[in-house]
Amino acid sequence: MTINKEGRGILITLAILFIIADLIVYYCYQDASIVYKSVITGSICIYLFFVNFFRNPKRVFENYEDGMILAPADGTVVVIEPTDENECLHERRIQVSIFMSIFNVHANWYPTKGKVTYYVHNNGHFMNANLPKSSNENERSTIIIETADKTRILMRQIAGALARRIVTYAKEGEPCDINQQVGFIKFGSRVDLFLPLDTEILVNMKQSVKGNQTVIARLKKKEN
């Protein structure tokens, strides 16, 4: 287990601030040990929460087969439904959405192998990422991955009520692979996948999934 690079600066800053604050409290309340002990304990607990949030587990998926779609994030499946994706693809797709709470790992992985053919970041609101309209109204980054058989998979990172920064590493024209991180969303947020209508969905509503570990769908093989 390591710390994600997106959190290292925050954790260093917090450590310095907590140490300074704890030293001030210690020297001001040496005769009231319960006060400074409570403050120090609180500082440690808050710091460990942030360490846990920015954890970066090393995950390798070894049994990949063509057509597999892996969960791009840890969390809970909150949407499985046909929907019209009118922002980029302009066609009807099956939407699978994964909601990440503040206790989940917030690194995101590519859901399949292929090539990044499209990337755009849109500014927007910061409403609860659990709400359906957050897909179109919240701040978000959209990536389209084209597989070897020219199937397009749309992945969308969505900021939530607390998430104020989406980090995306994808670049148009670059190859992408499973076991490769696509980005990071800070605090509660959500990831949507828009898959072809004939895709076999392998997860259920409210199911917990693990990024780069849970196979959530399988694409239909195209006829040669």
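Analyst: Start with a loop. Lys150 lies in the loop between β8 and β9. Strands here are DSSP runs of E, at least two residues long, and helices are runs of H or I, at least four long; both are numbered from the N terminus. This is a predicted model, where local features need pLDDT of at least 70 and side-chain atom pairs count only at pLDDT 80 or more, while totals for chains, interfaces and linings use all residues. Residues are numbered from 1 along each chain as its sequence is written, and side-chain values use heavy atoms, with hydrogens and water left out.

User: Why is Lys150 called exposed?

Analyst: Its relative accessible area is 56%. Exposed means over 50%, buried means under 20%, and partly exposed is in between (1.4 Å probe, protein chains only). Lys150 at 56% therefore counts as exposed. Lys150 also has a positive phi of about 75°, although it is not a glycine.

User: What makes Asn179 partly exposed?

Analyst: Asn179 has a relative accessibility of 33%. Asn179 sits in the loop between β11 and β12. Its phi is positive too, about 70°, and it is not a glycine.

User: Why does Pro196 count as buried?

Analyst: Pro196 has 17% relative accessibility. Buried means under 20%, so Pro196 qualifies. Pro196 is in the loop between β13 and β14 (200-201).

User: Which residues does Pro196 touch?

Analyst: Contact means heavy atoms within 4.5 Å. Not counting residues up to four places away in sequence, Pro196 touches Arg93, Ile94, Thr151, Arg152, Ile153 and Leu219. Take Leu219: it is 23 residues from Pro196 along the chain, and their C-alpha atoms are separated by 7.6 Å.

User: Why is Trp109 called buried?

Analyst: Its relative accessibility is 2%. The limit is under 20%, so Trp109 is buried. Trp109 belongs to strand β6 (residues 107-109). Beyond its neighbours within four places in sequence, its contacts include Pro57, Arg59, Met155, Asn179 and Gly211.

User: How do you know that β13 is mostly covered?

Analyst: Seven of its seven residues are buried. Both faces are covered. Ser189, Val191, Leu193 and Leu195 are buried on one side, and Arg190, Asp192 and Phe194 on the other.

User: What makes β5 and β13 a pair?

Analyst: Two strands pair if DSSP finds at least two bridges between them. β5 and β13 have seven bridges, so they pair, and the sense is antiparallel. Ile94 stands opposite Leu195 in β13. β9 and β13 pass the test as well: six bridges join them, and they run antiparallel. There, Met155 has Leu193 as its bridge partner.

User: In what order do the strands of the open sheet come?

Analyst: The sheet has eight strands in the order β11-β7-β8-β9-β13-β5-β4-β15, with antiparallel pairing. β8 and β9 pair over seven bridges.

User: Why are β11 and β15 called edge strands?

Analyst: Each pairs on one side only. β11 covers 175-176 and β15 covers 208-209.

User: What makes a set of residues a nonpolar core?

Analyst: The members must be buried Ala, Val, Leu, Ile, Met, Phe, Trp, Tyr or Cys residues, joined through side-chain atoms within 4.5 Å. The largest such core here has 28 residues. Ile69, Tyr110, Leu195, Val209 and Ile216 have the most contacts inside it. Its largest share, four residues, comes from β5. A second, separate core has 11 residues, including Leu14 and Phe18.

User: What makes a pocket, and which residues line the largest one?

Analyst: Work on a 1 Å grid over the protein atoms alone. A pocket is an open set of points with protein on both sides within 12 Å along at least five of seven lines, and lining residues have an atom within 4 Å of a point. Among the residues lining the largest pocket are Tyr64, Asp66, Thr112, Asp149 and Lys220. About 260 Å³ of space lies in this pocket. Here volume means the space filled by probe spheres set on the points, which are joined across faces, edges and corners.

Definitions and conventions: 1 Å grid on protein atoms, 1.4 Å probe; cavity = no way out; pocket = protein on both sides within 12 Å on 5 of 7 lines; lining within 4 Å.
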